[in-house]
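Here is a model to question point by point.

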Amino acid sequence: MKKKWLKLRHGRRVSQVLCFVLFLFLFVKTDYSGSNELPYAVNILFRIDPFLALSASLATRTLLAIMWPSLVFIGLTFILGRFFCGWICPMGSLLDSFHRFAPHAGEGRVSSLHTLKYYLLVFMLVAAFFGLPAAGYIDPFSILVRGLALSLYPALNVLATSFFTFTYQEMPGWINTLTEPVYAILKASILPFRQNHYELAFFSLFILAAIFLMERLQRRFFCRNLCPVGAVYAFTSRFSLLRGKGGTKCGKCRNCMDICRMGAIDEERNISPLDCNLCMDCVDLCPGSKISFSFTQKGVEQPAFALSRRTFLSSLAVGAALPFFLDTRTMAKRPDPYLVRPPGALPEDEFLGRCVRCGECMKVCIGNALQPAFLSAGLAGMFSPRLQARTGYCEFNCTLCGQVCPTGALQELTLARKHTAKIGNVFFDKNRCLPYAKGIPCIVCEEHCPTPDKAIQFREAQVLNSMGEKVAVKQPYVIDERCIGCGICETKCPLPGNSAVRLTSAGEHRDPRNALPTQSLPY
Amino acid sequence: MDRRNFMKQVLLWSAGISSTIPNFRIGPELLAAEKKSPVVSHAKDKNYYALVARVLEPLGGINKFVTTGDRVVIKPNMAWDRSPDQAANTHPLVVKALVEQSLEAGAKTVMVFDRTCNEERRCYVNSGIQQTLESIKDKRLKFYHPDSRKFVPVNIERGKAVNRLEIYRDALEADTYINVPVAKHHGLSKLTLGLKNSMGVLGGNRGSMHHNLGQKLADLATVIRPKLTVVDATRILLRNGPQGGNLDDVKILDTLIASADAVACDAFATTLFNMEPDEIASTVAAYNMGLGEMRLDRMKIIQA
């Protein structure tokens, strides 16, 4: 019997490693790969997340069909308990492997904070329902992928590039014959195609790092006390069929309590299915081999959530009340004009309701155009994607962001629809634009404008340049009906600092209140 | 490390680094050489692949330009995320034929690259050039994306509008540089031809080239001197250039133009658009700097 479980414990480790490798593989593959259609379901981690499915469904008050894979894992949890947390979750696997570097963490023993995750979950879901969607703040996968995509992965590239630039520029030729092939292999396999730059890079890293620092307080601190996905699974594993059974009259060793990474074993050696993630350490390491897992429920204590009614009601009340303060902000009356959402974005309220801040669209954006918003969409909209055209532009023939969005906050557009989906409009600043302000020829913007009939046109004009000479220049202007707001003109404007042509959300199709002035009907 | 030693190290290292900045210069004796009237060859055929050999014939064939052991750069225009029929990029078959002929002529390596305007990988794929060149199974062919480490600052000694540019190292070090532009409309310069195509080897902020584009392209042409220019006019873009996107703006000509004289090639290609060579500022500027011929009556124009 013991031997069999020993295999299972190692099986758990193998499963953790495999799932993590798969996670990293899909993360790296969240990129253009020679065709506009992604060959892998790179967003699957978010689509199996029941917490995000619940939150986005409540926020939009519709059942999101795209999130159906989460039901599979809910179903499995009814049978197996929180196996996901122990066997699959990439965040959990990372925390487990980090454990040896945080040796002072207290272990075992039931955590006094372990009910916090339930209150958090209730608050999050109720707030989402009433219009404050903040699931992405605390969801472990959102935190993990954002930390990787916005910070660690670009940093890896900085590291590799600076090293190989150093060897290339400073080292003798024979070293380069060794290093250059290595660099080529790295570039072809794990390194990103280009160096991306992100807003909130440090912030995303800090949030991720905080979860690891909390390991010093307690092993799997986040999983035990905070994780809302774990909380959802705890609710369902209350009914799970597979239960661990500890030895009740087994002596005083309490080894199992000490080694339990989830603090799921109490003084009477009852194993709570609410917290147990089936890591199987206790089975394997019990000196008396008294612990086993089985589908028979006989003699197994039924777990209790031990929630305090007062705190539960408070989190419910706060969740219900807080959203009503959103409309007191100026942005309810006057949204940030530079907040341009990616093509296919739903109207703002629905968009924020569905957006789980996973960072997938920012990772996949081949123009490095999508950036996490800081406060431009309000505190509640932090980390939601915005197109920041001075950093990068929306590629005319690309629809990748809509393909990776796990919740449909960005709708998947056909190329034909994408070509006409207006997400904003550009405006020229004639005080800075060279042909207007200085009489210097330029129109780089017109050259790059991608619509088949160019939205940026120019007029020949005679102007005085800074030397007082009369010169003929081509002065650009925008035809609003053609401009789709891709922002390439702002990206490519050769002026230092701010561009002389700026993208705003004016005229975006998803918000009729944002319509541009016209003199006649457009049709 | 003491102060003296430190200072010594600093001086030595900075001297070493600054001496590695290459300095390309074209001697006046070379420029003053007697100018013969340049041969400009043009040919028309539906078979673009065969057309390349034909248009090169009056110039002496590829062997006149590529000799055994040469490092060859073939620089097509693949700047835009557009398909071959949209006429924004050089036709893949033209590139393929030039690559294969250079390999047959005994080139040591044939390098094909462009610094694109749209996303690099999309341009390489959707121009059709990537798939076409993948069919050539020869290790000497290097088809790659420019490596940002390899742009080197170059002093443009004869520059009138620009005196320093970042240029891709492989383009500078090539034994034979073959320029393969596509002929098309351009808002600012009216047309983009061979001289404009050379911008694809520039690093840095290329937009500033647009401020006095004609002269700056001529300045660039003093250091990027193709041994051979093949203008792809199999399809030309008449409006909404340089990227087009609308097939109504494309005109099928099935024509290639080739010359060893980059300026003459551009000047003759201008006539395909019913324009005169002196309407293109870069052609005029390059001619005035003695970089080539622009007067059609001084060229030997041969229909192959």
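Q: What average pLDDT does chain B have, and what share of the residues score at least 70?
A: This is a predicted model. Chain B averages a pLDDT of 93, and 94% of the residues score at least 70. The scale runs from 0 to 100 and gives the predictor's confidence in each residue.

Q: Which scores does the predictor give the complex?
A: The ipTM is 0.91. The pTM is 0.90.

Q: What share of chain B is called buried, and what makes a residue buried?
A: A buried residue has 20 or more other C-beta atoms within 10 Å of its own. In chain B, 52% of the 304 residues are buried.

Q: What share of the contacts in chain B with a separation of 6 or more joins residues 24 or more positions apart?
A: That share is 74%.

Q: Why are strand 6 and strand 7 of chain A called paired?
A: Pairing needs at least two bridges between the strands. Nine bridges join strand 6 (residues 456-464) of chain A to strand 7 (residues 470-478) of chain A, so the two strands pair. They run antiparallel.

Q: What do strand 6 and strand 7 of chain A form, and how many residues lie between them?
A: They form a hairpin, with five residues between the strands. In the turn, A:G468 has a positive phi of about 80 degrees.

Q: How is chain A divided, and where do the domains lie?
A: Domain 1 covers 1-31 + 40-324, and domain 2 covers 328-514. Their centres, over C-alpha atoms, are 37 Å apart. The contact between them takes 31 residues from domain 1 of chain A and 24 residues from domain 2 of chain A.

Q: Which helix gives the largest share of the side of domain 1 of chain A that touches domain 2 of chain A?
A: Helix 9 of chain A does, with six residues. Helix 2 (44-47), helix 3 (50-60), helix 8 (135-138) and helix 9 (140-170) of chain A each supply at least two residues. By class, this side of domain 1 has 19 nonpolar, seven polar and five charged residues.

Methods
Residues numbered from 1 in each chain as written. Chains lettered and ligands numbered in written order. Predicted model: local features only at pLDDT ≥ 70, side-chain atom pairs only at ≥ 80, totals over all residues. Domains from an automatic or database assignment. Contact = placed C-beta atoms within 7 Å. Helix = DSSP H or I, 4+ residues; strand = E, 2+ residues; numbered from the N terminus. Nonpolar A, V, L, I, M, F, W, Y, C, P; charged D, E, K, R; others polar. Buried ≥ 20, exposed ≤ 12 C-beta atoms within 10 Å, placed from the backbone.
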